[in-house]
Amino acid sequence: MDKIVVNTAFGHVKIEAEHQSIRRLDLTNEPLVSSDCPVLNRAANQIRRYFDGESINFDLPLNPIGTTFQCAVWHALTEIPYGETRSYQDIARAIGNVKAVRAVGGAVNKNPIMIVIPCHRVIGKDGSLVGFYGGLELKQRLLNLEKGIAS
């Protein structure tokens, strides 16, 4: 698997690709690493632009590894528009399994391509910020970024 580690306005981000598809993206403390892989360099550019507030869309080949259920949830997350949020219940409804709210939470927690698959846009039914791999402070910063609120 190829990887790149880039510096962004939100810290270092590690992006991994295999067979010209993004497999993982997460925040890291690893040192910067460059790559000559075109898809990684494209992803690095798009993630920097996102964090700088210059871009709201990603156009990348994604290939996260997960169960059929997890992949359905992750696909539903990509349908949440920039600057909007959905509840876990909304996601369960979107995948056609309204009773799977808890399982949706588990799948969201296992999202291997954070930001691009926007798990930070999923909130509690009551509108509260709940669970996020990078912590609730980062989740709030990402939501603020998407709403144009300086943090």
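## The antiparallel sheet

In this predicted model, three strands build an open sheet in the order β1-β2-β3, with antiparallel pairing; strands are DSSP runs (E, at least two residues) and helices likewise (H or I, at least four), numbered from the N terminus, and two strands pair if DSSP finds at least two bridges between them. Because β1 (2-8) and β3 (21-27) stand at the edges with a single partner strand each, one side of each is left without a neighbour in the sheet. From one strand to the next the twist averages 20°, where axes are lines fitted to C-alpha atoms, for helices over the stretch in contact, and angles run from 0 to 180 degrees between N-to-C directions.

Strand β2 (residues 11-18) pairs with β3 in the antiparallel sense over 6 bridges, and K14 stands opposite D26 in β3. Helix α1 (residues 38-51) packs on the sheet and touches β1, β2 and β3, its direction making about 25° with that of β1; contact here means heavy atoms within 4.5 Å.

## Salt bridges

The structure holds 9 salt bridges, each defined as a side-chain nitrogen of Lys or Arg within 4 Å of a carboxyl oxygen of Asp or Glu. One of them joins the side chains of E30 and K14 (2.9 Å, N to O); since E30 lies in the loop between β3 and α1 and K14 in strand β2, the pair ties together parts that are 16 residues apart in sequence. K14 counts as buried at 16% relative accessibility, whereas E30 is partly exposed at 24% (buried means under 20% relative accessible area, exposed over 50%, partly exposed in between, with a 1.4 Å probe and protein chains only).

E18 forms a salt bridge with R23, with the closest N and O atoms 3.3 Å apart; E18 is partly exposed at 26%, and R23 is buried at 11%. In the salt bridge between E54 and R49 the closest N and O atoms are 3.2 Å apart, and E54 is partly exposed at 49%, as is R49 at 34%. Salt bridges that share partners also join K3, K14, E16 and E30 into one network.

## The chain as a whole

The chain contains 5 helices and 5 strands, which run β-β-β-α-α-β-α-α-β-α from the N terminus on. Of its 151 residues, 43% count as buried, and its C-alpha trace spans about 45 × 35 × 25 Å along the principal axes.

## Basis of the values

Residues are numbered from 1 along each chain as its sequence is written, and side-chain values use heavy atoms, with hydrogens and water left out. Local features need pLDDT of at least 70 and side-chain atom pairs count only at pLDDT 80 or more, while totals for chains, interfaces and linings use all residues.
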